[in-house]
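The stops below are meant to be followed in order.

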Amino acid sequence: MGTLASFLRKYTRECILAPLFKLFEALLELFVPLVVASIVDDAIPQGDRGLIMQMVLILFALAAAGLIVSFTAQYFSAKAAACFARDAKKALFAHARDAKKALFAHIQTFSLADCDRTGLATLINRMTGDMNQVQSGVNMTLRLLLRSPFVVFGAALMAFTVDVKAALIFAVAIPLLSLIVYVLLRISVPRFRTVQSHSDGLLARSRENYKGARVIRAFSLQDEEVSSFRESNGKLLSSQLRAGKISVLTNPMTSFVVNTAIIAIIYYGGLRVDTGTLSQGSVVALFNYMSQILVELIKLASLIQTITKALASARRVEAVFDSTSSMAGGSVNEIDDSCDTAIEFRNVSFSYNDSSENVLTDISFSLRKGQTLGIIGATGSGKSTLAALIARLYNVKSGEVDIFGRNVRDYSLPFLHSNVTLALQKARLFKGTIRENMLLADPDAGEEDILAALKDASAYDFVMQKGLDSPVEAGGRNFSGGQRQRLSIARSLVHGGRILILDDSFSALDYMTDSAVRAALAKRDLTKVIISQRTSSILNADKIILLENGCISAMGTHEELLATSSIYQDIYYTQFEKEEKADV
């Protein structure tokens with residue numbers, strides 16, 4: 001728990017003051033039964049209204065002081081817990097060095113392969129649900145961990161000051177109550193861990209259904225997915241019920257023991273009162289002390305369950321902190337400008353998650369600096385995977401990928417990613433403004449750079465109608481698909497770099513806009529990789545690769561492929577007729 005504890009050390013003062021004020025509150029609470037006993041024994045029998053009012057004022061003073069102390073303790077504990085959780089989760093992009101150990105920033109260091117293995121649903125759950133559980137555990141611990149045992153044992157000690165013989169009932173009840181709480185927790189804690197595991201599974205299932213809603217509808221899999229969701233939900237429900245059936249026994253069992261002890265106190269105390277060896281006020285005080293013990297034991301049982309859940313969640317969060325990226329960066333932070341080859345693949349093969357089935361097999365090609373590479377092929381042929389290997393989002397299984405004469409593994413990842421820019425088919429815009437989305441690529445970019453990128457991406461006109469500071473909804477829902485893609489291309493141009501990869505980024509553009517964007521990009525001194533389903537988008541590429549089932553089926557210029565590849569011919573002539581009709 002060292003990593004999480006390090007975020008709490010900053011709030012040591014709050015962590016000390018919160019339980020101290022709680023102990024002071026508990027001390028004030030322990031004096032209340034003595035004041036009540038004094039009223040019963042001294043004030044009421046004598047009919048001394050002045051003494052009664054004096055004692056009542058003392059009770060009000062104790063209550064007021066306890067309220068103030070309690071609020072103060074709550075403030076310090078809430079501040080420590082909330083600030084601890086904030087620091088552990090946050091990642092301040094403007095101060096990345098200060099936040100490099102924060103959970104969100106740490107997850108950003110994971111490679112895509114690491115995210116695939118861990119599962120995005122699990123990472124989301126640990127970032128949100130588990131961290132919230134840890135925050136709640138810290139808050140409750142600071143408030144009650146010292147207070148509840150202090151009240152329990154303090155009440156027992158105060159009972160002995162009232163009457164030793166009657167207090168022996170406490171000596172029997174407290175160990176019995178402690179045993180009940182211990183046994184119930186031993187049984188329920190593992191069940192609550194199972195609940196968290198099933199919660200992960202349900203979240204993963206929900207996320208898959210949400211993200212893949214179109215695919216599910218396309219293949220008419222609604223009934224199967226509903227059945228699978230109900231199964232996951234049923235597992236979570238049954239595990240919660242099993243845990244709940246044990247935890248709900250805490251209140252009735254402890255209440256039974258305490259109420260039995262109270263009956264014993266009243267009975268034994270009544271006999272002692274009749275013989276004159278014990279006052280009525282003492283019986284009332286003993287009754288109040290036993291009631292305090294009941295309340296605190298119930299709180300303590302709830303606290304222990306909360307702490308147990310928090311520790312389980314903390315271990316899950318620590319597991320994320322302890323995980324390191326499987327993709328270690330190199331040390332090279334410069335590019336050899338004398339090298340004329342921008343990209344080179346040498347016998348590259350790749351499979352996801354070390355599967356025996358390759359997604360790409362024996363890929364070899366080279367591209368000179370400033371040239372344009374077009375990649376075309378059917379869905380699932382490996383086009384996007386090839387682009388990801390250029391940016392080193394994954395490590396190759398075998399072979400070598402070189403960028404400007406060096407293996408991509410030699411470059412530091414920040415430097416490599418600053419020089420290889422990737423624009424995806426599914427444009428991802430973030431809630432904020434257009435300007436803020438552009439500045440994500442380069443926080444230091446000026447307005448002239450942003451406007452130039454918008455012009456080259458054919459996004460200038462519709463952006464200027466709204467303004468650079470116009471709002472962008474989450475996912476860019478207030479823009480059309482073509483507008484989102486053009487904004488994504490513009491953001492990539494703001495980012496800069498020497499290699500620009502457009503992964504089917506023209507799919508939602510009309511042919512005229514597609515042509516205008518490609519003409520503007522041709523004027524930029526960039527090495528470009530254009531992945532497209534349209535032959536019109538790659539006609540003028542210096543080299544075209546036709547992928548089929550993860551292998552290079554054909555490679556050459558448009559004219560060469562049109563003359564030698566029957567597959568390319570089929571694709572081109574099929575689309576050419578559609579394009580002619582579209583132009584008409």
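Predicted model: local features only at pLDDT ≥ 70, side-chain atom pairs only at ≥ 80, totals over all residues.

The average pLDDT is 84, and 95% of the residues score at least 70.

Next, select residues 91-101, where pLDDT stays under 50. In the model this stretch has 11 contacts beyond four places in sequence. Then move to residues 578-584, another stretch with pLDDT below 50. Here the model shows four contacts beyond near neighbours in sequence.

The structure holds one cavity of 30 Å³ or more, and the space in the largest cavity is about 30 Å³. To display its lining, select Ile-335, Ile-403, Phe-404, Tyr-411, Phe-415, Leu-416 and Asn-419. Colour these residues by class: six are nonpolar, one is polar and none is charged. Then highlight helix H14, residues 413-419. Helix H14 supplies three residues, the largest share of the lining of the largest cavity.

Last, show the cysteine sulfurs. How many disulfides are there? The count is zero. Select Cys-15, whose nearest cysteine sulfur belongs to Cys-83, 10 Å away. A disulfide would need the two sulfur atoms within 2.5 Å, and Cys-15 is in none. Is Cys-15 buried or exposed? Its relative accessibility is 18%, so Cys-15 counts as buried. Centre on Cys-83 to finish: Cys-83 is likewise in no disulfide, and its nearest cysteine sulfur is that of Cys-15. With a relative accessibility of 15%, Cys-83 also counts as buried.

Technical notes. Residues numbered from 1 in each chain as written. Heavy atoms only, no water. 1 Å grid on protein atoms, 1.4 Å probe; cavity = no way out; pocket = protein on both sides within 12 Å on 5 of 7 lines; lining within 4 Å. Points joined across faces, edges and corners; volume = space filled by probe spheres on them. Helix = DSSP H or I, 4+ residues; strand = E, 2+ residues; numbered from the N terminus. Nonpolar A, V, L, I, M, F, W, Y, C, P; charged D, E, K, R; others polar. pLDDT = per-residue confidence, 0-100. Contact = heavy atoms within 4.5 Å. Buried < 20%, exposed > 50% of the residue type's maximum accessible area, 1.4 Å probe, protein only.
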